[in-house]
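Subject: Structure handover

Hello,

My notes come after it.

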Amino acid sequence: SDRRRTDTRARLVAATLEIIDRSGWPAVTLAAVAKACSVSTPATYKHFPDKSALFEAAQEEMSGRLGALSDAASQDDPVLSILGVGERLIAYSEEHPNLLEFAFFGPSSNNTSAVDAGAGARWELLAFVHREIGRLVESQPLPPWRSADEAGRDLFVSLWSFIQGYSKLVTSGTVRHRSAFLKAALRSVLSIATAQTSDEEAPSPAEGAQAAQAKGGDCADKK
């Protein structure tokens, strides 16, 4: 039946994540997953044509789990939301280093690191991060020549790079996690949202004033 098929698929994904949690994602084989679920290896092909498809399903499940952590960190202030999810992700990495390694650097991890918000809409953690970044950018005054899209992309790349790198250092034992450092570092990263940088050369003071005046005129026209 369809329900039994769905249940078996969910069990296969859960078994995959259990193996990853215990031994790392390179240890996953279709035979090992089938054995953990008490099904034959050929039976797994009814649900996943290959290991890549299994990994992608496991990746989506991981995004849901991390998305639940993110939702628990949500606050009215987007800065506090981002600080909260950063703290929860690092805590998760200390408890389940192999799972976070898989989520961030596994064979399907490109799905959970899309720079553009629309590209990662189906991945809950990614959608949360993009949403909070969007709220933060909207709440900040930007230089006249810096677009909200550009500020959002720069902020996402900087934030994601720091979280991935810092979690790797913590789980490898290279550094000891300190909450105060994490919060200070994240606040520093978040300042990039209003940084006066652009792919184009920053305008001179006179050009900046003209751009600001023109922007003000556009706003008046819209009213």
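This is a predicted model: local features need pLDDT of at least 70, side-chain atom pairs count only at pLDDT 80 or more; totals for chains, interfaces and linings use all residues.

Residues are numbered from 1 along each chain as its sequence is written, and side-chain values use heavy atoms, with hydrogens and water left out.

Overall content. The chain has ten helices and zero strands. Helices are DSSP runs of H or I of at least four residues, strands are runs of E of at least two, and both are numbered from the N terminus. Of the 223 residues, 38% are buried; buried means under 20% relative accessible area, exposed over 50%, and partly exposed in between, with a 1.4 Å probe and protein chains only. A contact is a pair of heavy atoms within 4.5 Å. Among contacts between residues at least 6 apart in sequence, 70% join residues at least 24 apart.

Helix α5. This helix covers residues 78-95, and its 18 residues should span 26 Å at 1.5 Å a residue, which agrees with the 26 Å between its end C-alpha atoms. The expected span is 1.5 Å times one less than the number of residues. Buried residues of α5 include P78, V79, I82, L83, G86, I90 and S93. Their cover includes α4 (51-73), α6 (97-105), α7, α8 and α9 (179-190).

α4 against α5. The two axes come within 8 Å and cross at roughly 135 degrees. Axes are lines fitted to C-alpha atoms, for helices over the stretch in contact, and angles run from 0 to 180 degrees between N-to-C directions. α4 and α5 are therefore oblique to each other: under 35 degrees counts as roughly parallel, over 145 as roughly antiparallel, 65 to 115 as roughly perpendicular, and the rest as oblique. The crossing is right-handed, that is, the near helix is turned clockwise from the far one by less than a right angle. On the α4 side the contact has M62, R65, L66, L69, S70, A72 and A73, which meet L80, S81, G84, V85, R88, L89 and Y92 of α5. By class this contact has nine nonpolar, three polar and two charged residues. Here Ala, Val, Leu, Ile, Met, Phe, Trp, Tyr, Cys and Pro are nonpolar, Asp, Glu, Lys and Arg are charged, and the others, Gly among them, are polar.

α4 against α7. These axes come within 7 Å and cross at roughly 35 degrees. S63, G64, L66, G67, S70 and D71 of α4 touch E124, L125, F128 and R131 of α7. The contact divides into three nonpolar, four polar and three charged residues.

α7 against α8. The axes of α7 (124-139) and α8 (148-171) come within 10 Å and cross at roughly 130 degrees. This crossing is right-handed too. Residues in the contact include L126, V129 and I133 of α7, and A151, L155 and F156 of α8. Twelve of the contact residues are nonpolar, two are polar and none is charged.

Single residues. S38 sits in the loop between α2 (30-36) and α3 (41-44) and has a positive phi near 60 degrees. Most residues other than glycine have a negative phi. S38 is exposed, with a relative accessible area of 69%. R22, in helix α1 (residues 2-23), is exposed at 60%. Its C-alpha atom is separated by 8.8 Å from that of L99, 77 residues away along the chain.

Regards
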